[in-house]
Amino acid sequence: MNKIITIIFSLFILLSCNDDDIDYGQIVDEPYQLEIPSYFPKITFDTDKYPLTKNGVQLGKKLFYEGRLSRNNTISCAFCHIQENAFTHHGHPVSHGIDDRLGIRNAPPIQNLAFLNRFMWDGVIHDLAQQPISPITAEEEMDTTFPEIIKKLSSDSSYRKMFKNAFGDDKIDANRILSALGQFMASVVSKDSKYDQYLRKEADLNETEKKGLQLFQQKCSNCHKGTLFTDESFRNTGMYYNKQYKDGGLYRVTLDSTDFMKFRVPSLRNIEMTKPYMHDGRFYSLEAVLNFYSEGVQNDKYLDSQLKQNNRIGIPMTEEEKKAIISFLKTLTDYSFINNPAYAEF
């Protein structure tokens with residue numbers, strides 16, 4: 001809880017500045033144009049506060065892969081967010097950080113964040129550009145401070161040049177670092193899966209995938225809504241409390257007992273590539289996830305109502321139905337996204 005308070009305090013300090021007090025400098029390069037499908041939701045990233053520019057996004061990408069954002073120069077954002085796994089920490093139930101320290105949560109994917117309103121498993125952060133404060137300052141992740149980062153980057157002439165190209169002068173400060181990281185993360189858009197091609201009438205689903213889509217709409221879409229496959233709500237889905245990590249979800253933010261074990265509904269895009277699953281990475285396959293929802297949900301007085309239907313706990317699914325749903329979920333894999341050189345380090 002002290003860690004959460006520290007992070008929130010850091011956010012308060014940065015966000016309490018008036019816009020007039022933040023000098024982003026003159027944006028001297030070209031605007032960065034996001035390619036957004038017509039069926040996507042409206043962008044929520046604050047482009048007035050953080051204008052998207054080509055040089056800003058490029059700087060943000062370099063910072064995303066920069067180990068000097070950690071105390072001992074070994075851990076970058078990309079360490080826990082690997083592109084080929086839709087920017088998740090593949091194979092790790094929870095994040096591994098500096099000195100091989102363990103966090104308490106599974107690293108969520110970085111994709112389509114420009115269209116969301118809240119971030120982290122508990123939704124504590126509402127501004128995408130401010131989100132990096134949490135991992136950068138967390139003891140078990142990057143374990144450093146912005147003054148230390150600024151000192152390192154300011155001694156690098158290539159960084160001074162990149163900041164000048166992005167912001168009009170070579171001043172390096174926390175707000176500009178966060179702005180650039182936010183611009184890069186906002187630029188990371190997944191929009192070309194087989195399902196996207198199906199929506200655009202560029203491809204068709206096979207019979208099993210179509211059946212899976214129909215079953216998904218019947219059994220899963222109340223929470224995993226829309227083209228991003230999340231309604232951004234917080235729900236208690238009947239998972240047992242993991243005493244190893246002591247994570248109560250939204251309760252850690254609100255201290256409201258009714259929020260205990262409520263976690264943010266994740267997007268399902270690229271779900272095939274982002275295992276292990278759930279906030280603590282407890283499931284290593286999509287089959288295990290569906291088995292949990294059909295047979296493993298624990299009854300709780302705060303269990304989400306969607307999992308208490310017709311005097312039954314969980315979601316009834318046959319083995320055949322599970323296979324069909326998984327076939328559909330695999331159509332959400334976007335190979336052009338996970339191989340896009342615009343998001344790669346080199």
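Strands here are DSSP runs of E, at least two residues long, numbered from the N terminus. With that in hand, look at the loop between β3 (308-309) and β4 (312-313): Asn-311 is found there. This is a predicted model, by the way.

Asn-311 has a positive phi of about 60 degrees, yet it is not a glycine. Why pick that out? Most residues other than glycine have a negative phi. Is Asn-311 buried or exposed? Exposed, at 89% relative accessibility.

Now Ala-86. Here too phi is positive, about 55 degrees, and again the residue is not a glycine. Ala-86 sits in the loop between α3 and α4. Its relative accessible area is 0%, so Ala-86 is buried.

Stay in that stretch. Met-120 also has its place in the loop between α3 (77-80) and α4 (133-137). Met-120 is partly exposed, at 24% relative accessible area. What does Met-120 touch, leaving out residues up to four places away in sequence? Ile-125, Gln-131, Ser-134 and Arg-264.

Next, a peptide bond. Most peptide bonds are trans. The one joining Lys-275 and Pro-276 is cis, with omega about 0 degrees. Pro-276 lies in the loop between β2 (262-264) and α11 (286-296).

Last, the cysteines. A disulfide needs two cysteine sulfur atoms within 2.5 Å. The count is zero. For Cys-80, the nearest cysteine sulfur belongs to Cys-77, 9.2 Å away. For Cys-220, the nearest is that of Cys-223, at 8.8 Å. Cys-80 is buried, with 8% relative accessible area. Cys-220 counts as buried too, at 14%.

How values were computed
Residues are numbered from 1 along each chain as its sequence is written. This is a predicted model: local features need pLDDT of at least 70, side-chain atom pairs count only at pLDDT 80 or more; totals for chains, interfaces and linings use all residues. Side-chain values use heavy atoms; hydrogens and water are left out. Buried means under 20% relative accessible area, exposed over 50%, partly exposed in between (1.4 Å probe, protein chains only). Helices (H or I, at least four residues) and strands (E, at least two) are DSSP runs, numbered from the N terminus. Contact means heavy atoms within 4.5 Å.
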